[in-house]
Amino acid sequence: MVQTILKHVKENIDNIVRYWVATYYTKTDEYEQRKEYDGFLSARTQEVTQLFRTTYQQLKHNYLNTSLFQNVGEDCKDIGTPLVETVGNLHLVFTSTLEYLSQQLQQNTFTCSNIALCQYTLLLRKVEIQVEQDLILGYMK
């Protein structure tokens, strides 16, 4: 059941964001250019974590408003992150979610049916597309 996966992911948001930061974000140009600013990584991590929590809270209630991601797009443009990198970073958060979930399944620390996993993946793709559109809209302002 998709709700089981949503619950598991929600309970592991901090772990997923840490995984994203360690695996992907700290290797980006955006990070390289700003890593010496006090609190930048912490603020970025908190922002992604909060957006993740907000999105999952909405999904729990069968509702999704991704307009908050317009602010992220605007912020990325304001600090000079190229649009391609901004969108790429977004996709890597979603990739990290699936990779983390895959690791949990491989380690047998979480189980779900193949059908539920497919349904969750489809839901995640729909969310990713909607978030990407708002991110780009914000960047283009």
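Student: How many cavities of 30 Å³ or more does the structure hold?
Tutor: In general, on a 1 Å grid over the protein atoms alone, a cavity is a set of points where a 1.4 Å probe fits but cannot get out. Here there is one cavity of 30 Å³ or more. Keep in mind that this is a predicted model, where local features need pLDDT of at least 70 and side-chain atom pairs count only at pLDDT 80 or more, while totals for chains, interfaces and linings use all residues. Residues are numbered from 1 along each chain as its sequence is written, and side-chain values use heavy atoms, with hydrogens and water left out.

Student: What volume does the largest cavity have, and which residues lie nearest its centre?
Tutor: A volume is the space filled by probe spheres set on the points, with grid points joined across faces, edges and corners. For the largest cavity that comes to about 290 Å³. Lining residues have an atom within 4 Å of a point; there are 22 of them, with V48, F69, L90, V93 and F94 nearest the centre. The elements giving two or more residues to this lining are α4, α5 (68-78), α6 (83-106) and α7. Helices are DSSP runs (H or I, at least four residues), numbered from the N terminus. The largest share of the lining, eight residues, is from α4.

Student: And which classes make up the lining of the largest cavity?
Tutor: Ala, Val, Leu, Ile, Met, Phe, Trp, Tyr, Cys and Pro count as nonpolar, Asp, Glu, Lys and Arg as charged, and the others, Gly among them, as polar. On that scheme the lining has 16 nonpolar, four polar and two charged residues.

Student: How do α4 and α7 cross?
Tutor: Two packed helices are described by the angle between their axes and the distance between the axes. Axes are lines fitted to C-alpha atoms, for helices over the stretch in contact, and angles run from 0 to 180 degrees between N-to-C directions. The axes of α4 (residues 40-60) and α7 (residues 114-140) come within 13 Å and cross at roughly 120°. The two are therefore oblique to each other (angles under 35 degrees count as roughly parallel, over 145 as roughly antiparallel, 65 to 115 as roughly perpendicular and the rest as oblique).

Student: Which residues of α4 and α7 meet?
Tutor: Contact means heavy atoms within 4.5 Å. T55, Y56 and L59 in α4 meet Y120, L123, L124 and V127 in α7. By class, that's six nonpolar, one polar and no charged.

Student: What about α1 against α7?
Tutor: Helix α1 (residues 2-11) packs on α7 at about 65°, axes 8 Å apart. V2, I5, L6 and V9 in α1 meet A116, L117, Q119, Y120 and L123 in α7.

Notes. On a 1 Å grid over the protein atoms alone, a cavity is a set of points where a 1.4 Å probe fits but cannot get out, and a pocket is an open set with protein on both sides within 12 Å along at least five of seven lines; lining residues have an atom within 4 Å of a point.
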